[in-house]
Amino acid sequence: MEISQLQCAHEEHYGVQPTVIAFAPGRINLIGEHTDYNGGFVMPAAIDRGIWVTASVTDGPTSLWSSITGDGVTFDARTVEPGSVDGWASYAAGMAWVLRDPIGNCPNIVGTVHSNLPMGSGVSSSAAMEMVFGQIWAALADKKLDPKQLAILGQKCENKFVGVNCGVMDQMASSCGREGNAVFIDTRTLEIQLAPIPKDLSIVLCDTKKPRALTDSAYNERRSQCEAASSVLGVKELRDANMEMLLDAKPNLDPIVFRRARHVITENSRTLEFQIALANNDREAMQALLRGSHTSLRDDYEVSCFELDAMAEAALTSPGCVGARMTGAGFGGACVALVETQWVLEFGESASAAYKAKTDIDPEIIACKPVKGAHILWQA
Ligand code: ADP
Ligand code: MG
């Protein structure tokens, strides 16, 4: 969105000019799924869709309006505590709460929220909300926060204020993304290695339009199964286990817990291998690894669904497709495909038609550019 458009929207709503405007991207995960809460490896890219926020300081309470939800919310940023704000405002309020420790009380603001990021489709609009408000409040306090520190604070906001027990991948991707690159992240050390996307490859988001039923319960169940496996294996986190250890422990593991752990262990290996395959632009290896990831998420981790399987299949049989798999937490949402750039249009038409024929749902296919992470766009 243009800065002038954003300034106008702010003035229309509040009768004053904004003093700061920030942007935070969504993210798409290439590989490394359900590994971040196991201390493992992930490889997301920040994408050229995200959330813009305009803000100016006010004497009254904080008042926010979202173009997506079409409604306004108010709270006092100086006094919010977990449990005192819910709904979509909790992402903004939660950031004011987590920032109190490193930067002190956040000022109250009036602000507008604009987005071109699908919500609940696995491209992490929640982390984009956290990172964009983190940027806004840090800028108004005249404080510079390291992007990694902001990501950790965002995860704390989502875990402790919003009440979603997520790992750190989404916030790291939205905060630390780099133009033209995916980022390989070791979620234990938060070390980042850039992974340039070859110029002739495009990252394509294939949204199934099946609303994600990420039942918190299924997600939390997977997390406790991973913890159960770690405890039988005698490791801190599944990051520290390998297949040999898992096979040795098989007699002592519940069969479902065994399969959950097998997914995490093999997914970590695939992510490490994918980093090399991408660097070498080795298409055969990329295809095999993405396929392996999808199969493992479907059969061992059991987080796929009919629509995600249909979309992965539709993508794989479409022109120029190097590889495809479900992305995000699962139970609906989107697939990611790597597509030869020259075939992107034909790919989109073919994948849409094949998916619709199978599911009777019109999907949305979006070619994404990897962009830099959350930042201030403009400040008075
Ligand atoms: P995801 O992160 O995969 O998009 P989540 O369920 O984690 O899905 O987060 C989606 C929630 O984030 C929405 O239900 C809403 O509360 C909030 N949200 C995201 N984008 C916006 C927006 N533009 N305006 C208001 N709330 C938003
Ligand atoms: Mg989310």
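Modeller: In this predicted model, a residue is called buried when its relative accessible area is under 20%.

Biologist: Which residues of helix 4 are buried?

Modeller: Helix 4 spans residues 147-162. With the cut-off of under 20% relative accessible area, its buried residues are Leu 150, Ala 151, Leu 153, Gly 154, Gln 155, Cys 157, Glu 158 and Phe 161.

Biologist: What covers the buried residues of helix 4?

Modeller: Cover is judged here by contact, meaning heavy atoms within 4.5 Å. The elements that cover the buried residues of helix 4 include helix 2 (89-103), helix 3 (125-140) and helix 5 (169-176).

Biologist: How compact is the protein chain for its length?

Modeller: The protein chain has 11 helices and 13 strands. Its radius of gyration is 21 Å, and the globule rule gives a close value, 21 Å, for 380 residues. The chain is therefore as compact as a globular protein of that length.

Biologist: What share of the residues in the protein chain is buried?

Modeller: The C-alpha atoms fill a box of roughly 60 × 50 × 35 Å along the principal axes. The chain exposes about 15000 Å², of which carbon and sulfur atoms supply 50%. Of the 380 residues, the buried share is 58%.

Biologist: How many disulfides does the structure hold?

Modeller: A disulfide requires two cysteine sulfur atoms within 2.5 Å. The structure holds 0 disulfides. For Cys 305, the nearest cysteine sulfur belongs to Cys 335 and is 8.5 Å away; for Cys 368, the nearest belongs to Cys 206 and is 9.1 Å away.

Biologist: Is Cys 305 buried or exposed, and why?

Modeller: The relative accessibility of Cys 305 is 14%. Because this value is under the 20% cut-off, Cys 305 counts as buried.

Biologist: Is Cys 368 buried or exposed?

Modeller: Cys 368 has a relative accessibility of 6%. On that value, Cys 368 counts as buried.

Biologist: Which residues does Ser 230 touch, not counting those up to four places away in sequence?

Modeller: Ser 230 lies in helix 6, which runs over residues 216-233. At 5% relative accessibility, Ser 230 counts as buried. With residues up to four places away in sequence left out, the residues that Ser 230 touches are Val 235, Lys 236, Glu 237 and Leu 238.

Terms used
Residues numbered from 1 in each chain as written. Chains lettered and ligands numbered in written order. Predicted model: local features only at pLDDT ≥ 70, side-chain atom pairs only at ≥ 80, totals over all residues. Heavy atoms only, no water. Helix = DSSP H or I, 4+ residues; strand = E, 2+ residues; numbered from the N terminus. Rg over C-alpha atoms; globule rule 2.2 N^0.38 Å. Buried < 20%, exposed > 50% of the residue type's maximum accessible area, 1.4 Å probe, protein only. Areas by Shrake-Rupley, 256 points an atom, 1.4 Å probe, with all protein chains shown as cover.
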